[in-house]
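Happy to walk through this one with you. Let's take the model a few questions at a time.

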Amino acid sequence: MKKRWKYTLVVFSLLLLLVGCTNQNDNKDSSMALIKTTQPTPMKLSNKNSDSLPAKVKKEVANIKEIYDVAVIEGNKTILVAYKVKHLYRFRMKSIEKRLTKRLKNEYPDEKFVVSSDYKIFLEAVRLREAMDAGKISKDQARKRFNNIVKLKEELT
Amino acid sequence: MANKNKTKTPEQIQYDQLQKKHELKRPILKNCIRAFFIGGLICLVGQAVTYFYIYFFNFTEQTAGNPTVATMVFIAMILTGFGVYDRIGQFAGAGSAVPVTGFGNAVISSAIEHRTEGYVLGVGGNMFKLAGSVILFGVFSAFIVALVKTILTMWGGF
């Protein structure tokens, strides 16, 4: 009897811990961004005139059959393309990234792209989009955060 | 088998037959299924821990692996200390030994086993008896692979 109490207590405290951790200030989209398809609308942080470029890039990337979720953010110098690869194609992630980079380079030779299939980068892109939409951060702050996201791409081990 | 039987005495052959009659058959399929599911469950927990690090901390998919492994080994060590992991091991067999949690179990269980022989010669001397070879194998094979890759990169320019 005593043992059962102990187990119940352990399970209960674990549940409490997990539930407590989920109580973050995230919106609906980003809280499920790792699991569900989010399809965030493309965003522009640069001062360039071409309004439609991020949307065009997103459409182009979303057409690839191995990819199912795309986030595009246009910064001042670089365009970030974060995407999720369908589960069965995840073994070929490197070749997909290579192909995509090449394709984007051919299509838009004047732009510099940062292409990544990392969940963290995708999640941060969605969070940045939400923070901008909610008006929590200014454009300058957003640019800073964008640069930090791009830096994540270079992080290894 | 026939060759072996030739060297055996009639009593030994008789005993072998008797043993065969009473020996319990190993439930290989059942063991495999158990190992598959419990091993998968451990991996599921590992995946959840990875997502936890990606979601709440500043880890990418590439970097989240290190803290995940550390956490899983730590959890396995604590469960071994409480005697829970032994039961999981009895039930799942290889399913609980093959994932990285089995490593934590190997370290702590041998530490507990040799506790009576003292902290230095007992615990310290025997803690890595099983796990030490795993570490050595990992480090050495990583060294060899790195060496081969370096040579190939220098020559082939991959």
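Q: How much space lies in the largest cavity?
A: This is a predicted model, in which local features need pLDDT of at least 70, side-chain atom pairs count only at pLDDT 80 or more, and totals for chains, interfaces and linings use all residues. Side-chain values use heavy atoms, leaving out hydrogens and water, while residues are numbered from 1 along each chain as its sequence is written, with chains lettered from A and ligands numbered from 1 in the order written. A cavity is a set of points, on a 1 Å grid over the protein atoms alone, where a 1.4 Å probe fits but cannot get out, and its volume is the space filled by probe spheres set on the points, which are joined across faces, edges and corners. For the largest cavity that space comes to about 40 Å³.

Q: Which elements give two or more residues to the lining of the largest cavity?
A: Lining residues have an atom within 4 Å of a point, and here they include A:Met43, A:Ile73 and A:Val126. Helices (H or I, at least four residues) and strands (E, at least two) are DSSP runs numbered from the N terminus. The elements in question, both in chain A, are strand E2 (67–74) and helix H5 (119–133).

Q: Which element gives the largest share of the lining of the second largest pocket?
A: A pocket is an open set of points with protein on both sides within 12 Å along at least five of seven lines. This one holds about 400 Å³, and among its 16 lining residues A:Lys94, A:Glu97, A:Ser117, A:Lys153 and B:Gln62 lie nearest the centre. The largest share, five residues, comes from H4(A).

Q: What area do chain A and chain B bury between them?
A: Contact means heavy atoms within 4.5 Å, and 19 residues of chain A are in contact with 14 of chain B. Buried area is the accessible area (1.4 Å probe) that two parts lose on being put together, summed over both. With 56% of it on carbon and sulfur atoms, the total is about 1,500 Å².

Q: Which residue of chain A forms a salt bridge with B:Glu61?
A: A salt bridge is a side-chain nitrogen of Lys or Arg within 4 Å of a carboxyl oxygen of Asp or Glu. The rule finds one across the interface of chain A and chain B. Its closest N and O atoms are 2.9 Å apart, and the partner of B:Glu61 is A:Arg90.

Q: How many residues apart are A:Arg103 and A:Glu60?
A: Their side chains meet in a salt bridge, 3.2 Å from N to O. A:Arg103 lies in helix H4 and A:Glu60 in helix H3 (residues 53–62), so placed that the pair links distant parts of chain A, 43 residues apart.
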